Structures are given as C-alpha cells and as structure tokens.
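The sequence and structure come first.

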Amino acid sequence: MATGRRCQHCRGPLRATARADALYCSPACRAAAARRRRRYAAMVRAGKALVSGHADAVMRACPVCGKGIIPGVLRRADAVYDRPACRTAAWRARRGVREAVTGEAVRDGSAYG
Ligand SMILES: [Zn+2]
Ligand SMILES: [Zn+2]
C-alpha cells in the first residue's frame, strides 16, 4: 500500500519519496510528535503518582504563593512558579534585595525571567 500514507503528526500526506517506514512528513513534525509523546508520558507519570498518594514526587510548590504545580504537565519541566504574576513578584523581591545590598538600582527588564 503505497498510497494514502499520512504524517502521524499533522495528518498531511507523506511525500512519494518518503522512506517505507517514514511516519512523519518533516523533521519538524517528528520533533513535535516526540515532544507530545514526552508530555503525555509526564502526564501519565504524574497521574499515577497522584492517585497512588505520591503527589509530593511530582508536585512542586510555588515559592511565592505555595500553590502546587506539576512541572512537565501544563507547565515547562523547569517551571518554578505557578503563574507569571508569581514569577514577577519573585523577581521584584530579588531585585529589591540586590538594591538593598549594593545600593544601586538594577535596570528594569534586564534580569526579567
Ligand atoms: Zn506532518
Ligand atoms: Zn504562585
């Protein structure tokens, strides 16, 4: 069956020159599918941990408001804060400390994030 093969990610038709075992129409689609697979695996892992009472293993508390977040699920794997407002608040606090220590203002925006 050489016809009707579709990209497993975007469902677009594969090129006629695609390898017999090709699953994706482009490297971008292959990378996107891998990301989606990883995120799905993280969700499954987090879900299992939650239902088995091991929420601490996958959850992290936002250092600003204490709300629990699950990095890798809905958030980036390296997420620290549950929402941008908390990240901004933490950054403001850091800047305030630095100003107090050095006595000089840190330029706005330079250290954002
Ligand atoms: Zn595709
Ligand atoms: Zn927060």
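Helices (H or I, at least four residues) and strands (E, at least two) are DSSP runs, numbered from the N terminus. The model is predicted: local features need pLDDT of at least 70, side-chain atom pairs count only at pLDDT 80 or more, and totals for chains, interfaces and linings use all residues. Residues are numbered from 1 along each chain as its sequence is written.

The chain holds three helices and two strands, arranged along the sequence as α-α-β-β-α. Two of the helices are set out below; the expected span of a helix is 1.5 Å times one less than its number of residues.

| Helix | Residues | Length | First to last C-alpha | Expected span |
|---|---|---|---|---|
| H1 | 27-51 | 25 residues | 36 Å | 36 Å |
| H3 | 84-102 | 19 residues | 27 Å | 27 Å |

A residue is buried if 20 or more other C-beta atoms lie within 10 Å of its own, exposed if 12 or fewer, and partly exposed in between, with C-beta atoms placed from the backbone. The number of buried residues in H3 is zero of 19, so H3 lies largely in the open. In H1 one of 25 residues is buried, so H1 also lies largely in the open. Over the chain of 113 residues, 5% are buried.

Glycines with positive phi follow both helices: Gly 103 comes after H3, with phi near 75°, and Gly 53 comes after H1, with phi near 80°. Arg 11, in the segment before H1, has a positive phi near 70° although it is not glycine. Arg 11 counts as exposed because it has 9 C-beta neighbours inside 10 Å.

Conventions: Chains lettered and ligands numbered in written order.
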